[in-house]
Amino acid sequence: SVSSKDTSSPEQQLQGGGTNGGSPVVVPNNATKTSKVEELLAELQEAQSRQKRLEQQLARAGIAIAQDVPYQVAKDQVAKIARQMQAIGHSQIKLDNDPTRQA
């Protein structure tokens with residue numbers, strides 16, 4: 001029986017000398033992986049730095065930054081507020097909408 005496992009070296013594979021019919025097989029280079037990781041880390045650090053600067057600007061402007069709230073908690077709060085607003089809308093309170101009488 002013939003084994004389908006390629007036993008050629010990475011250099012042979014890049015040169016098309018593997019046992020897969022002579023087609024070149026691209027083997028990732030560790031230097032390429034390292035540079036990609038370093039590039040992604042630099043992008044992440046830049047994004048974090050930008051986020052921190054924006055948060056500081058918002059804080060100086062007096063704008064509170066919302067904390068992460070789980071979806072279900074937010075959904076429950078919105079439903080609660082909607083019920084309260086609906087109750088206010090159906091109440092017997094009469095508002096004077098005459099702009100001439102408003103202070």
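Confidence across the protein chain is lowest in helix H1 (residues 10-14), with a mean pLDDT of 51, and highest in H2, at 92. The model is predicted. Over the protein chain the mean pLDDT is 76. A value of 70 or more is reached by 59% of the residues. Where pLDDT is low, the predicted coordinates should not be read in detail.

The protein chain holds three helices and zero strands. Along the sequence, the pattern reads α-α-α. Of the 103 residues, 4% are buried. The accessible surface amounts to about 9700 Å². Carbon and sulfur atoms account for 55% of that surface.

Helix H2 covers residues 30-60. The helix has 31 residues. From the first C-alpha of H2 to the last, the reach is 45 Å. This is close to the 45 Å expected at 1.5 Å a residue. Gly62 follows H2. The phi angle of Gly62 is positive, near 80 degrees.

One surface feature involves Val37, a residue of H2. Together with Leu41 and Leu44, Val37 makes a nonpolar surface patch of about 260 Å². An α-helix has 3.6 residues a turn, so residues three or four places apart point the same way. Val37 has a relative accessible area of 47% and is partly exposed. Val37 can count towards the patch because patch residues need over 30% relative accessible area, and the value for Val37 is 47%.

Glu55 also lies in H2. With a relative accessibility of 33%, Glu55 is partly exposed.

Note on methods: Residues are numbered from 1 along each chain as its sequence is written. This is a predicted model: local features need pLDDT of at least 70, side-chain atom pairs count only at pLDDT 80 or more; totals for chains, interfaces and linings use all residues. Side-chain values use heavy atoms; hydrogens and water are left out. Patches are made of residues with over 30% relative accessible area and no salt bridge: like charges are joined within 9 Å, nonpolar side chains (Val, Leu, Ile, Met, Phe, Trp, Tyr) within 5 Å. Accessible areas come from the Shrake-Rupley method with a 1.4 Å probe; for residues, only the protein chains shown count as cover. A salt bridge is a side-chain nitrogen of Lys or Arg within 4 Å of a carboxyl oxygen of Asp or Glu. Helices (H or I, at least four residues) and strands (E, at least two) are DSSP runs, numbered from the N terminus. Buried means under 20% relative accessible area, exposed over 50%, partly exposed in between (1.4 Å probe, protein chains only). The expected span of a helix is 1.5 Å times one less than its number of residues. pLDDT is the predictor's confidence in each residue, from 0 to 100.
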